[in-house]
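Here is a friendly walk through one protein chain, from the overall fold down to a few side chains. Have the structure open as you read.

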Amino acid sequence: MSVTIELRVFETGDDSLVESAWALKERIRREEGVLKQRRGFFSDAYRRSKVYALVEPGYEDETLVGFASTRRDGYVLFLAVAPEYRGEGLGRQLVAAVADDHSSVTCHARATNDAALAFYRHLGFEVERRVENYYEDSGDAYYLRLGDGGLASKLSRFVPGQ
């Protein structure tokens with residue numbers, strides 16, 4: 001992991017990185033077949049969210065390497081980490097930042113997305129229920145909640161300075 005990756009928080013209405021977030025989400029959709037939202041839905045939801053962004057500054061510009069968009073109740077609308085940065089704790093860092101700001105963290109994950117489900121379970125999320133036909137393409141989802149013994153109770157282990 002690059003030591004230059006910075007966590008930045010953008011409040012509701014700040015769409016500074018919406019185009020970069022859309023490009024990252026679309027890249028993941030093309031490569032992995034997940035994160036299949038329409039652009040209008042994504043952009044509107046992003047603008048109405050608090051966004052936790054992991055950015056790698058560069059000489060000419062900066063690169064968005066991951067982000068989590070959340071509602072004010074701690075529901076994670078979107079969570080994405082660029083494939084070449086995975087396995088380095090960045091997704092965990094994003095969830096930890098959300099957990100630090102909210103008493104409850106929840107999300108949906110596609111029932112067939114084994115990688116996402118394994119990631120969330122590893123962090124201590126628990127399946128609350130299966131939701132049939134949740135996605136536009138009629139795909140099912142699991143509604144997940146970060147359990148009491150999950151990441152929230154161990155936050156200091158994952159976020160420097162906490």
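A residue is called buried here when its relative accessible area is under 20%, exposed when it is over 50%, and partly exposed in between. Please keep in mind that this is a predicted model.

By that cut-off F78 is buried, because its relative accessible area is 3%. Buried residues make up 48% of the 162 residues in the chain.

**The chain as a whole**

The chain has five helices and seven strands, and along the sequence they follow the pattern β-α-α-β-β-β-α-β-α-β-β-α. Of the contacts with a separation of 6 or more, 61% join residues 24 or more positions apart. The accessible surface comes to about 8800 Å², and carbon and sulfur atoms hold 45% of this surface.

**Helix α3**

Helix α3 covers residues 90-101, and its end C-alpha atoms are 17 Å apart; this agrees with the 16 Å that its 12 residues should span at 1.5 Å a residue. The helix is mostly covered, with nine of its 12 residues buried. Among them are L90, L94, V95 and V98.

**Aromatic rings**

There are nine aromatic pairs in the chain. Two of them are set out below.

| Pair | Centre to centre | Angle between planes | Type |
|---|---|---|---|
| F41 and F78 | 6.3 Å | 80° | edge-to-face |
| Y134 and Y135 | 4.8 Å | 90° | edge-to-face |

F41 has a relative accessibility of 42%, so F41 counts as partly exposed. Y134 is also partly exposed, at 35%. Ring pairs join F41 and F78 with W22, F42, Y46 and F67 in a cluster.

Charged groups meet rings as well. The charged end of K25 sits over the ring of W22, 4.4 Å from its centre. R129 lies over the face of Y143, at 4.4 Å from the ring centre.

**T106 and its surroundings**

Y143 also leads us to another residue. Which side chain makes a polar contact with the side chain of Y143? The partner is T106, at 3.4 Å. T106 is found in strand β5, which runs over residues 106-110. With 4% relative accessibility, T106 counts as buried. Leaving aside residues up to four places away in sequence, T106 touches G74, Y75, V76, Y143, L144 and R145.

Technical notes. Residues numbered from 1 in each chain as written. Predicted model: local features only at pLDDT ≥ 70, side-chain atom pairs only at ≥ 80, totals over all residues. Heavy atoms only, no water. Helix = DSSP H or I, 4+ residues; strand = E, 2+ residues; numbered from the N terminus. Buried < 20%, exposed > 50% of the residue type's maximum accessible area, 1.4 Å probe, protein only. Polar contact = N/O pair within 3.5 Å; in protein donor to acceptor, adjacent residues only side chain to side chain. Contact = heavy atoms within 4.5 Å. Expected span 1.5 Å × (residues − 1). Areas by Shrake-Rupley, 256 points an atom, 1.4 Å probe, with all protein chains shown as cover. Phe/Tyr/Trp six-rings, centres within 6.5 Å; stacked < 30°, edge-to-face > 60°. Lys NZ or Arg CZ within 6 Å of the ring centre and 35° of its normal.
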